[in-house]
Amino acid sequence: MTAHSERTVGELAARSLAATRVFEDHGIDFCCGGAKPFDEACREKRLDPASVLLEIESAIAKEAAASQRTDWNMAPFETLIDHIVTRHHSYLREELPRLASWIAAVRRAHGERDGVLLEQLDAAFTAMKDELDQHIRKEEVVLFPAILRSEGWIAQPIAMMEHEHDSAGRALDELRRLTGNYQQPAHACATYRALYAGLAALEADLHLHIHLENNILFPRAKAETSRSRGC
Ligand SMILES: [Fe+2]
Ligand SMILES: [Fe+2]
């Protein structure tokens with residue numbers, strides 16, 4: 001087994017989707033918290049780094065055996081960016097308005113009983129939605145085309161996008177806290193249940209989306225720019 005004590009969570013997560021699933025299972029933040037050393041992240045969750053590593057290695061082996069997946073560390077930028085936009089940005093464009101309408105419906109139906117919770121949930125979600133709507137537009141209109149053209153000025157917009165990812169990460173944490181880890185109340189109606197399930201799914205998709213950008217696309221783009229400028 002390779003010694004991973006010096007590696008960060010993000011570097012391990014970049015190795016494969018399987019690693020991100022192991023982190024997700026243990027509640028280890030691999031996107032916004034990706035810069036943290038792996039051992040430290042495990043100890044914070046009272047986990048033995050060696051056994052988590054074993055889980056990751058076995059998940060990676062299973063994944064490799066199961067299918068030939070795209071290695072995003074090797075894929076051309078066009079392919080990776082196309083995947084991010086068609087898979088993850090499209091997901092947000094569909095899901096964010098749908099979840100907003102469900103929050104409104106649940107507030108109408110359960111406002112009397114869960115008024116304070118639903119008001120806080122609505123406020124946290126709406127702020128996150130507004131930020132994400134603008135965020136993905138900035139990536140598509142400004143940053144991704146600049147990466148594809150190997151422009152030399154991408155470091156600053158990348159830093160801004162990473163900052164916005166941190167903000168989205170905090171919003172997801174707040175939504176999870178408000179909903180008690182998406183525990184549905186006993187009186188939840190079908191829309192209430194769908195809302196909580198939808199928010200949990202959004203969290204998982206956004207974690208993966210931010211991971212692909214923070215841990216793979218952005219470091220690769222910065223390395224490519226430095227190379228082409230001869231730094
Ligand atoms: Fe994105
Ligand atoms: Fe992003």
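Phe-30 is found in the loop between helix H2 and helix H3 (38–44), where helices are DSSP runs of H or I with at least four residues, numbered from the N terminus. Phe-30 counts as buried because 29 other C-beta atoms lie within 10 Å, the term requiring 20 or more other C-beta atoms within 10 Å of the residue's own, with 12 or fewer counting as exposed, anything in between as partly exposed, and C-beta atoms placed from the backbone. This is a predicted model, in which local features need pLDDT of at least 70 and side-chain atom pairs count only at pLDDT 80 or more, while totals for chains, interfaces and linings use all residues. Residues are numbered from 1 along each chain as its sequence is written, and chains are lettered from A and ligands numbered from 1 in the order in which they are written.

**Surroundings of Phe-30**

- Leaving aside neighbours within four places in sequence, Phe-30 is in contact with Val-9, Gly-10, Ala-13, Thr-20, Phe-23 and His-211, a contact being a pair of residues whose C-beta atoms, placed from the backbone, lie within 7 Å.
- Between the C-alpha atoms of Phe-30 and Ala-19, which are 11 residues apart along the chain, the separation is 9.4 Å.

**Helix H2 and Ala-18**

- Within helix H2 (residues 17–26), the buried residues include Ala-18, Ala-19, Thr-20, Val-22 and Phe-23, and the helix is followed by Gly-27, whose phi is positive, near 70 degrees.
- Ala-18, which lies in H2, is buried because 21 other C-beta atoms are found within 10 Å.
- Not counting residues up to four places away in sequence, Ala-18 touches Ile-56, Ala-59, Ile-60, Lys-62 and Glu-63; the C-alpha atoms of Ala-18 and Ile-56, although 38 residues apart along the chain, are separated by 6.8 Å.

**The two domains**

- The chain is divided into domain 1 (9–66) and domain 2 (77–228), with bounds that come from an automatic or database domain assignment, and 21 Å separate the domain centres, taken over C-alpha atoms.
- Nine residues from domain 1 and 11 residues from domain 2 make up the contact, and on the domain 1 side helix H1 (9–15) and H2 each supply at least two residues.
- H1 gives the most to that side of domain 1, with three residues.
- By class, the side of domain 1 that touches domain 2 has five nonpolar, three polar and one charged residue, where Ala, Val, Leu, Ile, Met, Phe, Trp, Tyr, Cys and Pro count as nonpolar, Asp, Glu, Lys and Arg as charged, and the others, Gly among them, as polar.

**Packing of helix H5**

- The axes of helix H5 (residues 77–148) and helix H6 (residues 155–178) come within 10 Å and cross at roughly 160 degrees, with axes fitted to C-alpha atoms over the stretch in contact and angles running from 0 to 180 degrees between N-to-C directions.
- H5 and H6 are therefore roughly antiparallel to each other, since angles over 145 degrees count as roughly antiparallel, those under 35 as roughly parallel, 65 to 115 as roughly perpendicular and the rest as oblique.
- The contact of H5 with H6 divides into 16 nonpolar, three polar and four charged residues.
- H5 and helix H7 (residues 190–228) pack at an angle of about 25 degrees, with their axes 14 Å apart, and are therefore roughly parallel to each other.
- The contact of H5 with H7 has 17 nonpolar, five polar and three charged residues.

Conventions: Two residues are in contact if their C-beta atoms, placed from the backbone, lie within 7 Å.
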